[in-house]
Amino acid sequence: MKQPFHPVIGIIGGGQLGKMLIESAMSWNVQYNVIDPDPNASCKAYAKTFINSDLKDKEAIFKLAQISDILTYEIEHVNTEALLELEKQGKIIIPSPKILSIIQDKGLQKQFYIDNGLPTANFQLVQKNKDWKEALSHINGEKVVAKLCKGGYDGKGVAIVNRSEILSGNFPFDEPSIIEEFVSECREIAVLVGSNGIETITWPCVEMHFDPTLNLVDMLFSPANLDQETENKACNIAIAAIKALNGKGIFAVELFITPSGDILINEIAPRPHNSGHHTIEACVTSQYEQLNRILLNLPLGNTDLVKPAVMINLIGPEMVSGNYKLTGLETAMDIPGFYLHLYKKEETRPGRKMGHYTVMGDSIETARTNALKIKNVLKISAL
Ligand SMILES: Nc1ncnc2c1ncn2[C@@H]1O[C@H](COP(=O)(O)OP(=O)(O)OP(=O)(O)O)[C@@H](O)[C@H]1O
Ligand SMILES: [Mg+2]
């Protein structure tokens, strides 16, 4: 029997983002096929067909395409060439793999911003080790940021280094990289953007707080503490970037706000994003439902924030690997506005994203106070 939403969606990547994408349309009876290299991937139990394969495996991606009407991806490290080929053959892939090929390479991504007049920190490309010093001569500041062009995620492949280290021949990476001006004392925000190719909308800005040791977002606030003018400016830059990309789908635009109020694009993710988890409970339409609407050719949903929210990632602690338990749950559950998401990962590892929780309140201060109370007690620990 054909369900009301009959197109079968194929997701490349079966992690938590895919899981939440599926969960958001479960009540619509949408069907999904998933491909992931982890035989116990978060999405596995939800998939109509689960293909256990590397995301670079062309044959596996073609198989997924064969059994799915529409394709999307929840991670950037996929076989883009295979997707470009499929798109040429007429397969619907959202967002287009053409966007992926720009975003996958931080050098191309940065050059795209420059070519389209979009604000971003000054940068230079470093192809070979011998280029580091020459590139550095075009970049200001005692501290600079080096980033691998390809393959980085969750802050891996990003190094904040002193100019003197590079000058003394200590190069952070030996693969093609970019070297970028360090934006000091900046605030970090993200703007989620949804587009069906005709209409492009944003969610209210979110403000990120980073854990300096893990280099991961550890707390996220929405609304961000911004004046209306800055909020509008950030949203307009994000929309301009997605329009320049000809983007259809869901995108997260990560931005820096400098102490003087300038807004710079750091990077764009062409998929649902960690900085939009709170939208599940805190917004009229979540980033996940919105992507489903776009994939299924339905009207875009309203993105208003229903209540202020704080989101915290549940990260695998140092020294704990393997099976785990969650302590402090009773205390957390007693606090109103607490929403828990676990990602169905069987084993914890240091720094691994195991889940997240959103805490909503009548004001951002209440949400923050309650979120911190929960953060103090809710822990992943060894079984
Ligand atoms: N030019 C810069 N100036 C200051 N800080 C920076 C700069 N570039 C990156 N950072 C810091 O490093 C973090 C990670 O950088 P970036 O987002 O480019 O890498 P990533 O590997 O894609 O990370 P993620 O997957 O967590 O988004 C940023 O969120 C920011 O805190
Ligand atoms: Mg980032």
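Student: How many residues of domain 1 are in contact with how many residues of domain 3?

Tutor: This is a predicted model, in which local features need pLDDT of at least 70 and side-chain atom pairs count only at pLDDT 80 or more, while totals for chains, interfaces and linings use all residues. Residues are numbered from 1 along each chain as its sequence is written, and chains are lettered from A and ligands numbered from 1 in the order in which they are written. Two residues are in contact if their C-beta atoms, placed from the backbone, lie within 7 Å. By that rule, the residues of domain 1 number 15, and those of domain 3 number 14.

Student: Which element gives the most to the side of domain 1 that touches domain 3?

Tutor: Helices (H or I, at least four residues) and strands (E, at least two) are DSSP runs, numbered from the N terminus. Two elements give two or more residues to this side, strand 4 (70-73) and helix 1 (16-24). The one that gives the most, with six residues, is helix 1.

Student: What are the bounds of domain 3?

Tutor: Domain bounds come from an automatic or database domain assignment. For the protein chain this gives domain 1 (9-93), domain 2 (122-181) and, for domain 3, 187-382.

Student: Which domains each give at least three residues to the shell around ligand 1?

Tutor: A residue is near a molecule if its C-beta atom, placed from the backbone, lies within 6 Å of it. There are 19 residues around ligand 1, and Val-145 is among those that come nearest. The domains that each supply at least three are domain 2 and domain 3.
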